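I am opening these notes to keep track of what I looked up, entry by entry.

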Amino acid sequence: MKILKLFFIIFFIFSFNHLKANNEEIKIKITKNLRCLVCQGQSVYDSDSEFANSLKVLVDKKLEKGFSESQIYDYFKDKYGEWILYDPELNKNTYLLWLLPILIFLIGGAIILKSFIFKK
Amino acid sequence: MKNRLLLLFIISIFIIIFIIFYKGLKNTNVYTPDITINKEVPSFSSELFYSNEVIKSKEIFDLDKFYLLNIWSSWCVPCRQEHSSLMDLMKIKKIKIIGLNYKDTKKNAESFLSELGNPFHQIIFDKEGINAIEWGAYGVPESFLIYDRKIIKKYIGPLNKQSIKEIKFLIK
């Protein structure tokens with residue numbers, strides 16, 4: 001019985017530990033996807049500027065409050081605009097960005113198909 | 001005929017890509033925040049500088065008056081420059097100046113105010129810089145003109161004579 005209790009305590013501690021680590025992972029993922037607006041070409045994760053440090057603290061607090069990843073992105077988008085996200089969403093301003101590579105790929109494929117396969 | 005069509009097609013694609021890149025070349029990649037006006041005042045709770053009370057943002061801007069929220073810090077050099085403008089604005093009764101002390105120590109902030117004067121009706125103490133982010137600010141100094149819980153105008157960087165003139169005109 002004692003061993004069982006001990007086992008439970010250890011299990012509890014480990015599961016708690018896992019939760020914490022998991023939060024940290026999400027935090028790193030989120031801050032890597034946020035652009036540090038006062039730096040040039042750096043993410044919030046990489047930067048040590050005042051602005052980036054405040055953002056990191058805020059991401060931490062939001063995660064503690066139980067915000068999901070996309071909710072945090074929406075929050076920052078509302079404050080600073082689309083520019084703060086490194087991974088832009090598909091909307092009327094960015095559809096060219098998303099669709100052009102696919103379009104070029106298809107056209108290129110069509111040209112190759114035409115000149116190599118149908119010629120024979 | 002077919003070959004010519006293809007050539008024309010390829011050339012037109014190249015021209016389109018060239019135009020896109022050429023336009024992109026002229027764009028600055030320095031972040032310029034979009035100044036969205038008529039946005040609601042963000043709701044947050046914050047600590048007051050002198051009394052250490054925690055106050056809701058809605059309680060600060062509840063009077064039928066113009067408010068100027070000024071983000072400042074004792075370590076910020078341009079804040080020193082704009083301080084005389086704030087002291088000038090304080091004399092107008094229609095407007096109340098709210099300070100947001102950004103990432104500062106109380107001691108330094110107090111000596112800054114005793115040296116240059118205190119134009120602020122109330123000061124929010126923002127040690128971690130979180131409240132400034134709620135406002136969508138990204139540096140110091142920044143100022144927001146507020147009326148009826150809406151942000152009418154946003155000034156990035158220190159207030160100069162011209163912006164003070166503009167504020168005086170707007171609150172008339």
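**Conventions.** I am working with a predicted model, in which local features need pLDDT of at least 70 and side-chain atom pairs count only at pLDDT 80 or more, while totals for chains, interfaces and linings use all residues. Residues are numbered from 1 along each chain as its sequence is written, chains are lettered from A and ligands numbered from 1 in the order in which they are written, and side-chain values use heavy atoms, with hydrogens and water left out.

**Interface.** I looked up the contact (heavy atoms within 4.5 Å) and found that chain B gives 21 residues and chain A gives 20 residues. The two chains bury about 1,900 Å² between them, 61% of it on carbon and sulfur atoms; buried area here is the accessible area, taken with a 1.4 Å probe, that two parts lose on being put together, summed over both. Across this interface I noted 2 salt bridges, each defined as a side-chain nitrogen of Lys or Arg within 4 Å of a carboxyl oxygen of Asp or Glu. Glu128(B) forms a salt bridge with Lys61(A), and their closest N and O atoms are 3.3 Å apart. On the side of chain B that touches chain A, helix H1 (2-26) and H5 each supply at least two residues, where helices (H or I, at least four residues) and strands (E, at least two) are DSSP runs numbered from the N terminus.

**Largest pocket.** How much space lies in the largest pocket? I read about 380 Å³, a volume being the space filled by probe spheres set on grid points that are joined across faces, edges and corners. On a 1 Å grid over the protein atoms alone, a pocket is an open set with protein on both sides within 12 Å along at least five of seven lines, a cavity is a set of points where a 1.4 Å probe fits but cannot get out, and lining residues have an atom within 4 Å of a point. The structure holds 1 cavity of 30 Å³ or more, and about 40 Å³ of space lies in the largest cavity. Its lining consists of Glu40(B), Val41(B), Pro42(B), Ser57(B), Lys58(B), Phe61(B) and Arg149(B).

**Within chain A.** I also looked at Lys29(A) and Glu69(A), whose side chains meet in a salt bridge (3.3 Å, N to O). This pair links distant parts of the chain, 40 residues apart, with Lys29(A) in helix H1 (residues 2-32) and Glu69(A) in helix H3 (residues 69-80).

**Backbone.** The peptide bond from Val140(B) to Pro141(B) is cis, with omega near -15 degrees, and Pro141(B) is found in the loop between H5 and strand E7 (142-147) of chain B. Asn52(B), a residue other than glycine, has a positive phi near 60 degrees.
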